[in-house]
Amino acid sequence: MATVLEKGEISARKRGPKPGMLSGRQRDQVVASRQDVVEAMRGLLRSRPFDEIPVEDILAVSGVSRATFYRHFKSRRDVALRIYEATLERTMPHFLLLADVATGRLSAQWWAHEAVGHYREEGQISVLIHGLAATDQAFHQRLRDDRQQMIERLAPAVPAFGRAVGEDAEARRQRARADIFFMMLDRISAEVTLFAELADVPDYEAVLAEQVAAFITDN
């Protein structure tokens, strides 16, 4: 015979989730539908600009309803921000390899070539990020904050970034140099995406390698 405690446990198991709480399956469905929207826009951005993608097209590709879309996102901008966050997660490992460029384990030429290849693969996503930064003050600040975090992560391994940590005049000046370095990368990412078929893309890659080497190896 079950004890009083055991009966209580059995009763609790039968009741299931509390009112207002999602079950494990429901949570999985929420995550899946949100990801479907993000991947749908990501796919659409590979072939056309953000301003040419209406919500209706996102719904058609993702297969979610309009109600579901607005349950997860306030607007297309919210989807764009999630895409940016996912893109940052994928590119972070490559940026951290700048530490190996600084020590000579990797060449600046290799790093620049891989970076340009990644930008071109992302397609209009790079252009979207650059465009949002130019027109959306909150997103511009988000990029600045993320660049500062990148500087701090690279600081222990790369002297050029290490000198950018602190509040003295020289640290602030070096932080500005590092910030401009990352802004240059942002601009190049948009450029090689918009003009991927032009013959001068290899020249952009070569000059990017020069700029990376000049900044990273400046001890």
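1. Start with Asp 146. Beyond its neighbours within four places in sequence, Asp 146 is in contact with Tyr 84 and Leu 88. With Tyr 84 there is also a polar contact: the two side chains are joined at 2.4 Å. This is a predicted model.

2. Asp 146 sits in helix α9. Its relative accessibility is 13%, so Asp 146 counts as buried, the cut-off being under 20%.

3. Which residues of α9 are buried? They are Phe 139, Leu 143, Asp 146, Arg 147, Met 150, Ile 151 and Leu 154. Seen down the axis of α9, the buried residues fall within an arc of 145 degrees, so they line one face of the helix. The background is simple: an α-helix has 3.6 residues a turn, so residues three or four places apart point the same way.

4. That buried set packs against α5 (76-96), α6 (98-103), α8 (124-135), α10 (159-162) and α11 (169-194). On the other side of α9, the exposed residues are Gln 137, Ala 138 and Glu 152.

5. Look at the start of α9 too. There, a side-chain oxygen of Asp 136 comes to within 3.1 Å of the backbone nitrogen of Ala 138.

6. A word on confidence. Mean pLDDT for the protein is 82, with 84% of residues at 70 or more. Over residues 9-14 pLDDT stays under 50, and the model gives them zero contacts beyond four places in sequence. Where pLDDT is low, the predicted coordinates should not be read in detail.

Key: Residues are numbered from 1 along each chain as its sequence is written. This is a predicted model: local features need pLDDT of at least 70, side-chain atom pairs count only at pLDDT 80 or more; totals for chains, interfaces and linings use all residues. Side-chain values use heavy atoms; hydrogens and water are left out. Buried means under 20% relative accessible area, exposed over 50%, partly exposed in between (1.4 Å probe, protein chains only). Helices (H or I, at least four residues) and strands (E, at least two) are DSSP runs, numbered from the N terminus. The arc is that of the directions from the helix axis to the C-beta atoms. Contact means heavy atoms within 4.5 Å. A polar contact is a pair of N or O atoms within 3.5 Å; within protein, one must be able to donate a hydrogen and the other to accept it, and residues adjacent in sequence count only if both atoms are side-chain atoms. pLDDT is the predictor's confidence in each residue, from 0 to 100.
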